[in-house]
Amino acid sequence: MTIPAGRRSAFLFCVALVAVASSSAFAGQRTKECQIMDQTPESVYEFNFAYIPQSDVERFGKTDMIEASADWACAYYRPAGGDLDFNLRGRTTIFRDTLDGLFPSQIGKVALDMGWATRSGRGTALQMRVQPGLYSSFDDISGDSFSYPFSVALIRAFDPSFSAIAGVEIRPDFDLPVMPLIGVVWEINDELKLDLRCPQSRFTYAISRGWNTYFGLGWENTTYNVSGDVDELTVDYVKACLGVMHRMSKKAMIRFEIGEILHEEPQALWAKTKSH
């Protein structure tokens, strides 16, 4: 049985991010030819915190959600004809109220995000990624706690300022087994950039040296294996946000966001109970 878990009015959330700016030591730097392939990572280390108040789980009550994540861009290699990167990603969601023990108090993921892309001489690339890792509550880890999402996408650079991507992410054992990967990235000028992609999009405006502001849209859908009365728990919502980022020094920047769920009755959580 699937239990929908949404709230009856749009909730607000806020995010603060502290990141260490990317180093110039990434191997194989090349002239920017593609807005998707040739972007130097924004940060080597990233730490995020979000607070989502009063998410209403239908028939069970309300709970505040605290989300935290940490990312590490371990290595980027860009030899002639290809691109190889390794990233370590961690995320956790804490429920302040477990709703009489229905949900675990905490779920999370720890995954290695690896990608390889091959390029042709006509601005086209084939990109393959895999994210093996733990997607689970932390109190009862088993073989079902591990998953292996992978993706294949075709990337085309029409010119150095405009690129497009189309592909799919296959996610075994997730509530949504296929996630579309499609969109375009357009560097309009030195101040404006449009990154219009599914599942994450952003329109950025460079206010001045060291200061950027942006509007973002994001679709979050991740399924976790949990113990107890619930077999699986999917965090699923679409959010819109406004943010500002300030580069404090050559090695540090800070970002703040505030936003809300877009549609009228968003689902923040889906819970699938065990069969008896």
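D113 forms a salt bridge with R129, with the closest N and O atoms 3.0 Å apart. The pair links distant parts of the chain. D113 sits in strand 6, R129 sits in strand 7 (residues 124-130), and 16 residues separate them. Both D113 and R129 are buried. For D113 the relative accessibility is 6%, which is under the 20% limit and therefore counts as buried. The model is predicted.

D113 has a further partner. R89 also forms a salt bridge with D113, and here the closest N and O atoms are 3.0 Å apart. R89 belongs to strand 5 (residues 82-95) and D113 to strand 6 (residues 106-119), so this bridge ties together parts that are 24 residues apart in sequence. R89 is partly exposed, with a relative accessible area of 23%. D113, in contrast, is buried.

The count of salt bridges comes to 9. Another of them pairs D195 with R197, and the closest N and O atoms are 2.7 Å apart. D195 counts as buried at 18% relative accessibility. R197 has a relative accessible area of 28%, so R197 is partly exposed. Shared partners join several salt bridges into one network, made up of D71, D85, R89, D113 and R129.

The chain as a whole comes next. The protein chain has 0 helices and 18 strands. It holds 276 residues, and buried residues make up 42% of them. Among contacts with a separation of 6 or more, 54% are between residues 24 or more positions apart.

Two threonines in strands were examined. T223 lies in strand 15. T223 counts as buried, at 5% relative accessibility. The side chain of T223 makes a polar contact with the side chain of T234, at 2.7 Å. The T223 side chain also reaches the backbone nitrogen of D175 at 2.8 Å. Residues up to four places away in sequence aside, T223 touches Y135, D173, F174, D175, E232, L233 and T234.

T92 is buried, with a relative accessible area of 16%. The T92 side chain reaches the backbone oxygen of I107 at 3.0 Å. Apart from neighbours within four places in sequence, T92 is in contact with I66, E67, A68, Q106, I107, G108 and F138.

Two backbone features stand out. Most residues other than glycine have a negative phi, and most peptide bonds are trans. D173 is not a glycine, yet it has a positive phi of about 70 degrees. D173 is placed in the loop between strand 11 (162-170) and strand 12 (178-187). D173 is exposed, with a relative accessible area of 63%. The other feature is a cis peptide bond between C198 and P199, with omega at about 15 degrees. P199 is found in the loop between strand 13 (192-198) and strand 14 (200-208).

D173 also belongs to a pocket lining. The second largest pocket has a volume of about 200 Å³. It is lined by 14 residues, and those closest to its centre are D144, S145, D173, N225 and E232. Strand 9 (146-147), strand 15 (211-225) and strand 16 (230-249) each supply at least two residues of the lining. Strand 15 gives the most, with 3 residues. This is the strand in which T223 lies.

Terms used. Residues numbered from 1 in each chain as written. Predicted model: local features only at pLDDT ≥ 70, side-chain atom pairs only at ≥ 80, totals over all residues. Heavy atoms only, no water. 1 Å grid on protein atoms, 1.4 Å probe; cavity = no way out; pocket = protein on both sides within 12 Å on 5 of 7 lines; lining within 4 Å. Points joined across faces, edges and corners; volume = space filled by probe spheres on them. Helix = DSSP H or I, 4+ residues; strand = E, 2+ residues; numbered from the N terminus. Salt bridge = Lys/Arg side-chain N within 4 Å of Asp/Glu carboxyl O. Buried < 20%, exposed > 50% of the residue type's maximum accessible area, 1.4 Å probe, protein only. Polar contact = N/O pair within 3.5 Å; in protein donor to acceptor, adjacent residues only side chain to side chain. Contact = heavy atoms within 4.5 Å.
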